[in-house]
Amino acid sequence: MSFSNVLIAVVIFSAIILFHELGHFLLAKANKVGVIEFSLGMGPRIITFAKTDAGCRVKLFGTNKYFEEHPEYENHTCYSWKILPFGGSCMMLGEMESLQDSRAFGNKGVLARISVIAAGPIFNFILAFVLALCVIGVVGYDKAEITSVETGMPLAESGFQDGDIITGINGRNIVLNRELTSYLQFHPLSDAPVELTADRGGQEVKAMVTPRLVTNDDGKEVYRLGFAYGNGRTKTGVWDTIKYSAYEVKFWIWTTVESLGKIISGKVSAKEVAGPVGIIQAVGDVVDQSRRGGIEFIWLNVINFSILITANLGVMNLLPIPALDGGRLLFLIIEAIRRKPLPEKFENYVNLGGFVLLMGLMVVILANDILKLIP
């Protein structure tokens, strides 16, 4: 793995995390919540900036002590860049403790707190949409167009033709080519009939098609419908670019949710889950495989991969797990229903336990990533 590939991966991670934390930060400011520190990265600070009443202040290798104990910085936000490129934070006043200050997070209304916490994942989806606009605006979208139908196979016998655009399978709406690919990966063909819907010049074609068991060239028996699909990307106008960018984000959100379901149900091995090291390796692979197409092709593929990462991060953060945004949102929703908060000690213990489990999971995933690199 080259240094340049690692650098690209770090830039992608940093930008995605910074945008996530920016969501928390902007909504905190909008709701007049005091923000103590807005930072990118984890660990010791490399540089910290603060705008105080006396002017701008910059501190190299700043510490909490320097800023928290100096009266000049009281009631002002510090902006920090920390040494480890993974992670980030928007540290708010009264976020983890009860304070009498009117600017404290805990003293704001429950809807205000929900908006602040939900803003992070929502900004991930907004970023995914903006990146999708960049990709689809340049190269277009991929429609699920049938490119060839095998004579004598189930699809041909059901009346489908070359040029038909698949719009649905077993009740699932299909807009993008990858939606069909993803569906067939998560729901492998069997002897059960498949309901297919297609568009043929504005007319709907619909039929129940029963896959056929055939022997592949390698001697393996598989169920097939007998068709090929996907005819590259189609450039389109401004409105359709916006529409298909939204479908792109929806596709990656749905794919992440289905993948989580497969992992929880045991249908996908936990060893296939990638952490930071695995994702850096994947980014490197994307860059290496795109080099022949030139710098524009490299960046289009990197941006496309970034859509997956930021949408994935948004979904993962919404999981109702203590210490994640989703866990905090769950507590806030319960508070809104009960019209009073849960006991502070209970919430702190649950968050602490969730944090410990989350750190343990991160260690396991990191170790799994490293083991994959060992021949």
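## Close-up views of a predicted model

**View 1. Helix 3 meets helix 6.** The axes of helix 3 (residues 110–139) and helix 6 (residues 238–264) come within 8 Å and cross at roughly 125°. That angle makes helix 3 oblique to helix 6, because angles under 35 degrees count as roughly parallel, over 145 as roughly antiparallel, 65 to 115 as roughly perpendicular and the rest as oblique. Here, axes are lines fitted to C-alpha atoms, for helices over the stretch in contact, and angles run from 0 to 180 degrees between N-to-C directions. Helices (H or I, at least four residues) and strands (E, at least two) are DSSP runs, numbered from the N terminus. On the helix 3 side, the contact is made by Phe125, Ala128, Phe129, Ala132, Leu133, Ile136 and Gly137. Among the helix 6 partners are Thr241, Tyr244, Glu248 and Ile253. Contact means heavy atoms within 4.5 Å. Sorted by class, this contact has 11 nonpolar, three polar and one charged residues; Ala, Val, Leu, Ile, Met, Phe, Trp, Tyr, Cys and Pro count as nonpolar, Asp, Glu, Lys and Arg as charged, and the others, Gly among them, as polar.

A note for every view: this is a predicted model, in which local features need pLDDT of at least 70, side-chain atom pairs count only at pLDDT 80 or more, and totals for chains, interfaces and linings use all residues. Residues are numbered from 1 along each chain as its sequence is written, and side-chain values use heavy atoms, with hydrogens and water left out.

**View 2. Ser115, a residue of helix 3.** Ser115 is found in helix 3 and counts as partly exposed at 24% relative accessibility. Buried means under 20% relative accessible area, exposed over 50%, and partly exposed in between (1.4 Å probe, protein chains only). Leaving aside neighbours within four places in sequence, Ser115 is in contact with Leu27 and Asn31. Look for Gly23 too: Ser115 and Gly23 are 92 residues apart along the chain, and their C-alpha atoms are separated by 9.5 Å.

**View 3. Helix 5 and its cover.** Seven of the 10 residues of helix 5 (residues 177–186) are buried, so this helix is largely enclosed by the rest of the structure. The buried residues are Asn177, Arg178, Glu179, Leu180, Ser182, Tyr183 and Phe186. Their cover includes strand 5 (165–169), strand 6 (172–173), strand 11 (227–229) and helix 6.

**View 4. Lys82 in strand 3.** Find Lys82 in strand 3 (residues 78–92). Lys82 is buried, with a relative accessible area of 12%. Beyond neighbours within four places in sequence, the contacts of Lys82 include Glu37, Met42, Arg45 and Ser89.

**View 5. Two loop residues with positive phi.** Most residues other than glycine have a negative phi. Lys32 is not a glycine, yet has a positive phi of about 60°. Lys32 lies in the loop between helix 1 (3–30) and strand 1 (35–52) and counts as exposed at 64% relative accessibility. Arg339, also not a glycine, has a positive phi of about 65°. The loop holding Arg339 runs between helix 9 (325–338) and helix 10 (344–373), and Arg339 is exposed at 78% relative accessibility.

**View 6. Cysteines Cys78 and Cys90.** Cys78 is buried, with a relative accessible area of 7%, and Cys90 is buried at 6% relative accessibility. A search of the whole structure finds zero disulfides, where a disulfide is a pair of cysteine sulfur atoms within 2.5 Å.
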